Amino acid sequence: MRPADQADVWWRNAIVYSLDVETFQDSNGDGIGDFRGLTSRIDHLARLGVTCLWLMPFYPTPNRDDGYDIADYYAVDPRLGTLGDFVEMMRTARSRGIRVIADLVVNHTSDQHPWFLESASSRDNPKRDWYVWRDEPPQDGPQGVIFPDQEDSLWRHDERTGAHYLHRFYRHQPDLNITNPEVRDEIARVMGFWMELGLSGFRVDAVPYLIETAGTHDGHLVEDPHAYLRALSSFMTRRKGDAIMLGEVNLPYEGLMPFFGDGGDELDLSFDFPGMQAMYLSLARQDAGPMRQALSARPSPPRDTRWATFVRNHDELTLDQLTASQRDEVFAAFGPEPEHQIFDRGLRRRLPSMLGGDQDRIRMVYSLLFSLPGTPVLYYGEEIGMVENLEVPGRWSVRTPMQWEPGAGGGFTTADQDGAERAMPARPYGPDHISVADQREDPQSLMTYIARLAALRRETPHFGWGSIEWLACDEPSVLAHHAVVDGDSVVAVHHLGDAPVEVTLPVAGLEPGTLLRDLLAEGPGMPEPVEVAHDRTITLTLGRYGACWLR
């Protein structure tokens, strides 16, 4: 494989890092993160090995849904800085070899967006048809309330014109009418605007809802909804040939695959929600079976497209693709208290607290993430083991400020923290115990380990480019796979159990006598290389939650 091949489709070997500007670094002491603060921390991302930064919404907003209720697509929220600050951040990231993508949230707007204010003002307003209005909710319209604790319908009556508008999410987030050609053109202009300022693409929010047209096509010809995704992808690549769309599509594999399109002409990457949920079931059972079954059945995406793998993100840990009994197993293991759970389908916790702070187990999970076929995506703070603050309501519990150094403001801000809306967690997980400053120079820290995984992932293209074989294993707690690229092999082995095991694995593609060295081992006491036996097997002894990458 030529280096040029990797560069052309850079996302296949990228390390993606997701953050909210508002909670990353405050530069002016007002208690709110901003672009100048983010710019000052770009070197942290570079040291960590990040090659692609994903920004959560930073646009002007009433901020009733953490910025996902957008009031202007062509500006930066004044709390976070200016367009000039944004451009300076982009220049700094580019100088460190980091590409930037941003959330594209165009399923809905804020109800304070000028488009909606015009649309709601009268039935004959030119922007009336930019949103989905009905005199009565249609029988053939969308079904299923996403936030049953706060909404009881997808339609909201508006007294200004005596009609109902569609809101797939909260009532203050009316849905745009993507069957309207004017709306489609405007969304393309939004994308073009930000790409002109340097973005390398977008993380597309709520993709299935974006292209849903049931009950919304009054007066417009409805083509294949996926044709709209193809049109967005085509527009984007005309403007910038290597730009990407990373899609949020929380569906089973059979429903998810069409979003890649025919030969990859829709999404370039899609989050692997089924594999992530199977991983938590496997962790809860200390049994690799559910994960091996899910990943073995996972379809191969079209050429040059990719699965995006992740452990946690900015939302609740959604478990909606598990059965009720399976979900109860995960709840019992990682979120048994009512305050841990949300919507009866997920957990509002981060990984370290779910795993009780067990460093062996936490590191095994991240080794697994970086070795899975796909593009790994980190959520800010994962590199140091940040946890949630359950005193912060709802999904915001996992969106607390970044912990840079010990002290009341955690190095995030100099503002008084009394009464802060998103207070950091208390001991033993607060900034006095967990911070970037404490871990930066510690060769044994989690942050050092994550940076090493990122470096090894870039140096080991097998997981991003190679063919994958899931290896048979008699030990239920062990997950092993063999990745081959250009005739070179890496075998990744992960033990999900809490007691040491000895395991023998078939490696039919390797010659007897081949010596395999563990890439994760370093320093004094490194284990001896593993030799492939005459029957083309290897035998390993794995400690509790052990992991190795054998090359």
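Reader: Which elements are included in what covers the buried residues of α8?

Author: This is a predicted model, in which local features need pLDDT of at least 70 and side-chain atom pairs count only at pLDDT 80 or more, while totals for chains, interfaces and linings use all residues. Residues are numbered from 1 along each chain as its sequence is written, and side-chain values use heavy atoms, with hydrogens and water left out. Helices (H or I, at least four residues) and strands (E, at least two) are DSSP runs numbered from the N terminus, and contact means heavy atoms within 4.5 Å. With those terms, the cover over the buried residues of α8 includes α6, β7 (201-204), α7 and β8 (244-247).

Reader: Which residues of α8 are buried?

Author: A residue counts as buried under 20% relative accessible area, as exposed over 50%, and as partly exposed in between, with a 1.4 Å probe and protein chains only. By that rule the buried residues of α8 are His226, Ala227, Tyr228, Leu229, Leu232, Ser233, Phe235 and Met236.

Reader: Against which elements do the buried residues of α6 pack?

Author: The buried residues of α6 include Val183, Ile187, Met191 and Trp194. Those buried residues of α6 pack against α4 (83-95), β3 (99-104), α5 (114-119), β7, α8 and β8.

Reader: How many salt bridges does the count come to?

Author: Side chains of opposite charge can pair when their charged atoms come close. A salt bridge is taken here as a side-chain nitrogen of Lys or Arg within 4 Å of a carboxyl oxygen of Asp or Glu. One of them joins Asp158 to Arg160, with the closest N and O atoms 2.6 Å apart. By this rule the count comes to 34.

Reader: How many residues apart are Arg168 and Glu212, the pair that links distant parts of the chain?

Author: The side chains of Arg168 and Glu212 meet in a salt bridge at 3.1 Å, N to O. Arg168 sits in the loop between β6 (163-166) and α6 (181-196), and Glu212 in the loop between α7 (207-210) and α8 (225-239), which puts them 44 residues apart.

Reader: Which parts does the pair of Glu388 and Arg349 tie together?

Author: Glu388 and Arg349 meet in a salt bridge at 3.3 Å, N to O. The pair ties together parts 39 residues apart in sequence, because Glu388 lies in the loop between β14 (375-379) and α15 (436-440) and Arg349 in the loop between β13 (346-347) and α13 (351-354).

Reader: How many disulfides does the count come to?

Author: A disulfide is a covalent bond between the sulfur atoms of two cysteines, and the rule used here asks for a pair of cysteine sulfur atoms within 2.5 Å. Under this rule the count comes to zero.

Reader: How far is the nearest cysteine sulfur from that of Cys473?

Author: Cys473 is buried, with a relative accessible area of 18%. Cys473 is in no disulfide, and the nearest cysteine sulfur, that of Cys548, is away by 11 Å.
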